[in-house]
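Here is a short briefing to read alongside your model. Have the structure open and follow the topics in turn.

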Amino acid sequence: MSGLNRPDALIFDLDGTLWDAAVPTARGWNQALEMLEVEERVSVQGIRSVAGTPFEGCVEILLPGLCPPTEATLRSLDDCEKAAIIESGGSLFSGVDPGLRSLALAYPLFVVSNCQDWYLDLFLTRNGLRECFAGGDCNGKSGLDKAEMLRRLALDHNLRSAVYVGDTQGDLEAARDAGMDFALAGYGFGSVAEPVLRFGSFGDLTAHYLAEPSTM
């Protein structure tokens with residue numbers, strides 16, 4: 001965060017920052033691969049390793065033997081992933097639910113992710129967190145990359161000092177490209193290659209941003 005100024009909004013990445021849905025995602029993908037009679041399989045850790053990558057990019061990285069994937073293959077993977085997450089959901093990181101509810105009383109909150117449109121909607125609905133957010137965007141909805149989504153969000157909501165909270169180097173670079181400060185969810189899936197404001201838990205993040213401006 002630049003100086004001691006209080007941000008005018010907090011924008012959150014989703015996977016690796018607010019929740020972890022890698023287990024049902026891997027299960028759904030593997031069910032689809034079995035139905036497609038494809039021998040390749042994905043692991044939970046593999047799904048976590050591509051968090052922050054748009055859906056088709058995840059497929060290309062984790063299933064190179066299917067590239068280029070057909071529309072039918074992508075649809076099957078997407079449908080089975082959705083069914084698996086509807087069935088069991090992901091796991092919110094510790095402190096996310098109460099933290100978001102407290103932060104929403106002090107800041108406009110947004111979410112920006114490279115996930116599918118249904119995925120973001122399911123996250124908000126399943127966890128009862130829609131009321132916490134003033135808005136957001138995802139690659140599956142707008143087709144934009146993260147930096148452009150962040151720029152458009154700032155323009156649409158007249159944000160001048162927003163902070164993007166994420167867990168990967170790509171999140172940091174997107175925030176930088178959009179002219180935003182960045183905070184690292186150090187408990188998440190990824191890491192960054194340079195010193196940044198880092199939080200070891202969502203509770204620490206909440207306490208930091210609810211502190212008096214003179215102590216931030």
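An open sheet of six strands, paired in parallel, runs in the order β5-β4-β1-β6-β7-β8. Strands are DSSP runs of E with at least two residues, helices runs of H or I with at least four, both numbered from the N terminus, and two strands pair if DSSP finds at least two bridges between them. This is a predicted model: local features need pLDDT of at least 70 and side-chain atom pairs 80 or more, while totals for chains, interfaces and linings use all residues. Residues are numbered from 1 along each chain as its sequence is written, and side-chain values use heavy atoms, without hydrogens and water.

- β1 (residues 10-12) pairs with β4 (residues 109-113) over three parallel bridges, and I11 stands opposite F110 in β4.

**Aromatic pairs**
- Rings of Phe, Tyr and Trp (its six-membered ring) pair if their centres lie within 6.5 Å; planes under 30 degrees apart are stacked, over 60 edge-to-face and the rest tilted.
- The count by this rule is nine aromatic pairs.
- W29 belongs to helix α1 (residues 22-35) and F55 to helix α3 (residues 55-62), so their pair ties together parts 26 residues apart in sequence.
- W19, W118, Y119 and F123 are linked into a cluster by ring pairs.
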